[in-house]
Amino acid sequence: MDADKLEVLLNGLLQREPRASELNFTPGCLPHAEVDGSLRPIPIGSRTEPLNGDQVARIAKGLLRDSPALLRTLEETGAADCAYETATGRRFRINVFRVKGNVAVVMRALAADLPSLKGLGLPPVVGEIAKLQQGLALVTGATGSGKSTTLAAIVDRINEHRPVHVVTLEDPVEFAHPHKKAIINQRELLLDFSNFADGLRSALRQAPKVILVGEMRDSETVEIALKAAETGHLVLSTLHTINAGQTVNRILNMFSGDARQLVRVRLAETLRFVVAQRLMPRVGQGRVAAIEVMGTSLRVRELITNGEEADRTFQAAIEDGKPQGWQSFDQHIVELFRTGQVTDETARAYCTDASSVNRAIDRVKTERGEDTSDLGELEMARPRIRR
């Protein structure tokens with residue numbers, strides 16, 4: 001599909017669903033938009049028939065701009081990523097992937113402006129990451145939970161306050177950072193480097209103080225990231241994990257035998273923060289992020305080195321770290337319920353420990369004077385008196 005036709009198609013869809021956070025093109029379906037976490041179909045003009053494989057393929061090639069490198073990656077690996085900006089300035093992260101002999105496309109909308117930590121509503125302690133001189137800080141969560149947005153806000157905070165060299169390795173570049181106090185060189189996978197391990201290895205020769213790695217996908221990348229953190233660099237990266245404990249275990253499980261035990265020791269010494277994110281439906285409309293934050297302490301280092309036990313867990317360490325600004329998902333979810341941002345049903349659906357969250361919700365309801373019993377307005381049946 002040529003550029004002009006693609007622009008007409010995308011603008012038409014976005015006019016129909018201006019709040020779309022995602023556009024989905026799949027053979028056999030109408031185009032779909034995700035709004036507030038739910039997909040809804042969008043007819044193209046007056047046409048209501050589904051897209052066929054050839055139509056989606058033309059859309060995909062247009063979004064990939066017929067790039068030989070991206071088309072080769074799609075052919076060899078079954079998926080390719082890039083960024084795309086419409087003529088009206090709307091920016092998207094594109095993933096094209098193979099499915100049953102055809103291709104499908106997911107376009108995730110990117111914010112027009114650089115995000116700020118305050119604007120994202122992140123706990124103040126997250127801002128401490130931007131002050132770190134060295135070590136490893138990770139932002140984790142499911143796809144689309146806002147990991148890249150949080151990292152962009154951290155890099156922008158560094159850019160505003162520190163005269164340092166920052167190198168980012170991204171897939172693709174999502175937010176363009178202007179040079180403020182820092183010099184920021186943003187490199188894109190396949191355009192500027194072949195894989196994260198090679199990009200990270202070369203970054204160590206580029207004299208940065210801060211290195212952002214889009215994702216730690218394999219043991220080689222983790223190994224080089226640990227080396228960078230050990231040698232005086234601040235390394236920022238992401239993993240697709242659901243909480244701090246799983247993040248540590250995912251990294252360790254990339255290694256085996258003696259190598260795993262060595263990585264335990266190195267990770268315990270270099271890990272500074274894990275920020276995990278979950279997006280939940282907000283009361284009214286939209287979504288709100290539940291945030292888990294774990295910093296570093298002697299207790300956390302011992303958990304990384306020796307592993308968790310029944311009465312020694314990362315979640316317990318996080319919840320006990322509240323005076324340092326740490327918080328578990330469950331603590332934040334209960335607070336979001338307390339402030340009326342999520343319903344009790346949402347809180348229970350997204351929490352980690354249902355029993356403790358149920359008790360906390362009941363305490364909040366009791367403070368409000370609400371009924372916490374399951375009986376509600378039911379009246380007890382009166383016993384029948386025999387005469």
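## A friendly note on this predicted model

1. Is K100 buried or exposed? With a relative accessible area of 84%, K100 is exposed. Its backbone deserves a look too: phi of K100 is positive, at about 50 degrees, although K100 is not a glycine.

2. **A leucine with a positive phi.** Now move along to L190, in the loop between β9 and α5. Here phi is near 80 degrees, again a positive value in a residue other than glycine. How accessible is L190? The relative accessibility of L190 is 31%, so this residue counts as partly exposed.

3. **A cis peptide bond.** Next, find the bond that joins D171 and P172. This peptide bond is cis, and its omega is about -10 degrees. P172 belongs to the loop that runs between β8 (165-170) and β9 (183-188).

4. **The chain as a whole.** The protein chain has 13 helices and 13 strands. The chain has 387 residues, and buried ones make up 48% of them. Take the contacts between residues at least 6 apart in sequence: 55% of these join residues at least 24 apart.5. **The largest nonpolar core.** In soluble globular proteins, nonpolar side chains tend to be buried together. In this model, the largest nonpolar core holds 39 residues. Which of them touch the most other members? They are L136, M216, I251, L267, L271, M294 and I304. Helix α6 (residues 219-230) gives the most to this core, with six residues. Another core lies apart from it and has 27 residues, including L14, A20, F25 and I42.

5. **A closer look at L136.** What does L136 touch, once its neighbours within four places in sequence are left aside? The contacts of L136 are M216, L226, A229, V235, L267, T270, L271, R272 and F273.

6. **A buried threonine.** T150 is a residue of helix α4 (residues 147-161). Its relative accessible area is 3%, so T150 is buried. Beyond residues up to four places away in sequence, T150 touches L117, L120, L122, V139 and Q277.

7. **Helices α5 and α6.** Two packed helices are described by the angle between their axes and the distance between the axes. Helix α5 (residues 196-203) packs with α6 at an angle of about 15 degrees, and their axes are 8 Å apart. This angle makes α5 roughly parallel to α6, because angles under 35 degrees count that way. The crossing of the pair is left-handed. Which residues meet here? From α5 come F196, A197, L200 and R201, and they meet E220, T221, I224 and A225 of α6. Sorted by class, this contact has five nonpolar, one polar and two charged residues.

8. **Helices α11 and α13.** The second pair to inspect is helix α11 (residues 329-338) with helix α13 (residues 354-368). Their axes come within 10 Å and cross at roughly 25 degrees. That angle makes α11 roughly parallel to α13. How is the crossing handed, left or right? α11 passes α13 in a right-handed crossing. On the α11 side, D330, V334, F337 and R338 take part, and they meet S356, V357, A360, I361, V364, K365, E367 and R368 in α13. By class, the residues of this contact are six nonpolar, one polar and five charged.

9. **An exposed proline.** Finally, look for P323 in the loop between α10 (314-320) and α11. Because its relative accessible area is 74%, P323 counts as exposed. How far apart are P323 and I184? In sequence they are 139 residues apart, and in space 34 Å, C-alpha to C-alpha.

Notes: Residues are numbered from 1 along each chain as its sequence is written. This is a predicted model: local features need pLDDT of at least 70, side-chain atom pairs count only at pLDDT 80 or more; totals for chains, interfaces and linings use all residues. Side-chain values use heavy atoms; hydrogens and water are left out. A nonpolar core is a set of buried Ala, Val, Leu, Ile, Met, Phe, Trp, Tyr and Cys residues joined through side-chain atoms within 4.5 Å. Buried means under 20% relative accessible area, exposed over 50%, partly exposed in between (1.4 Å probe, protein chains only). Helices (H or I, at least four residues) and strands (E, at least two) are DSSP runs, numbered from the N terminus. Contact means heavy atoms within 4.5 Å. Axes are lines fitted to C-alpha atoms, for helices over the stretch in contact, and angles run from 0 to 180 degrees between N-to-C directions. Angles under 35 degrees count as roughly parallel, over 145 as roughly antiparallel, 65 to 115 as roughly perpendicular and the rest as oblique. A crossing is left-handed if the near helix is turned anticlockwise from the far one by less than a right angle, and right-handed if clockwise. Ala, Val, Leu, Ile, Met, Phe, Trp, Tyr, Cys and Pro count as nonpolar, Asp, Glu, Lys and Arg as charged, and the others, Gly among them, as polar.
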